[in-house]
Amino acid sequence: MQFISEEVLNKISYKSTLGQSLKQISLRKTPLDDILKDIKIYRSEYTDIVVQENLIGSRFKSDDSIIRKYEKTLRMGGGFKQCFNDILGFRLHFDGYPGEYPEYFRVVDLRNGKKVDDGYRAVHLYYQRDNLAYPIEIQLWCAKDYQFNIWSHKLVYKYWDAEIGKRLYEKYMSGAIGTEEDFKNEMNRLVRDKNQREGQNSD
């Protein structure tokens with residue numbers, strides 16, 4: 001089990017051209033075009049470094065994903081750093097979750113779910129070189145959570161409500177879902193039930 005070293009993380013850390021600490025930048029007052037231009041520089045100047053360092057599981061967030069998250073964060077009243085904490089991210093799969101983590105990471109433990117539980121289970125690690133640099137996110141999907149997260153992101157994530165994801169995870173952990181086909185069938189059943197309930201409530 002090997003984490004990305006602090007030395008390598010420093011190499012791929014990008015200092016924003018927006019000229020302020022990310023905590024001080026107003027998401028609402030900063031034009032989205034300016035943000036997208038800044039992130040485009042990040043991608044163009046750092047993609048080669050990511051490749052040279054052979055960082056498996058890496059991805060730069062696409063403009064479409066950035067815009068969706070930007071709009072959602074504005075609706076929820078979130079800030080700039082919250083919105084752009086995963087422009088460069090990694091997804092790692094270990095047999096089990098580590099018992100400890102290097103001190104240069106900020107650890108967000110989601111093994112028991114998010115505040116609004118949608119079934120997603122993971123540990124997120126964040127590295128930020130300084131307040132002017134974009135954070136780098138590392139998602140750890142380990143043990144049985146790995147397969148569920150794969151199916152969830154492929155079939156459910158960002159499409160259905162949190163309750164459906166939570167119930168799918170419960171079914172998965174009970175052994176009632178063992179294949180992707182099982183997952184699809186149970187998801188479709190839950191969606192039909194939800195639509196029926198909402199239809200009855202609207203009568």
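## Surroundings of Phe84

When its neighbours within four places in sequence are left aside, Phe84 is in contact (heavy atoms within 4.5 Å) with Leu27, Ile35, Ile39, Ile66, Tyr70, Tyr134 and Pro135. The model is a predicted one, in which local features need pLDDT of at least 70 and side-chain atom pairs count only at pLDDT 80 or more, whereas totals for chains, interfaces and linings use all residues. Residues are numbered from 1 along each chain as its sequence is written, and side-chain values use heavy atoms, with hydrogens and water left out.

## Nonpolar cores

A nonpolar core is here a set of buried Ala, Val, Leu, Ile, Met, Phe, Trp, Tyr and Cys residues joined through side-chain atoms within 4.5 Å, where buried means under 20% relative accessible area, exposed over 50% and partly exposed in between, for a 1.4 Å probe and protein chains only. The largest such core has 36 residues, and those with the most contacts inside it are Tyr42, Phe84, Tyr134 and Leu140. The elements that give two or more residues to this core include helix H2 (32-52), helix H3 (63-76) and strand S5 (136-140); helices (H or I, at least four residues) and strands (E, at least two) are DSSP runs numbered from the N terminus. The largest share of this core, 6 residues, comes from H2.

Apart from this core lies another, of 13 residues, among them Phe148, Trp151, Tyr169 and Val191.

## Aromatic pairs

Rings of Phe, Tyr and Trp (its six-membered ring) pair if their centres lie within 6.5 Å, and planes under 30 degrees apart count as stacked, over 60 as edge-to-face and the rest as tilted. A search of the whole structure finds 21 aromatic pairs. One of them, formed by Tyr104 and Phe105, is tilted, at 4.8 Å centre to centre and 50 degrees between the planes; Tyr104 counts as partly exposed at 22% relative accessibility, while Phe105 is buried at 8%.

The pair of Phe148 and Tyr169 is edge-to-face, with 5.1 Å centre to centre and 85 degrees between the planes. This pair links distant parts of the chain, 21 residues apart, since Phe148 belongs to helix H5 (residues 145-156) and Tyr169 to helix H6 (residues 162-174). Phe148 is buried at 0% relative accessibility, and Tyr169 is buried at 10%.

Tyr14, Tyr42, Tyr46, Phe60, Phe80, Phe84 and Tyr134 form one aromatic cluster.

## Charges over rings

A charge sits over a ring if NZ of Lys or CZ of Arg is within 6 Å of the ring centre and within 35 degrees of the ring normal. Arg111 lies over the face of Tyr97, 5.9 Å from the ring centre, and the charged end of Lys144 sits over the ring of Tyr172, 5.3 Å from its centre.
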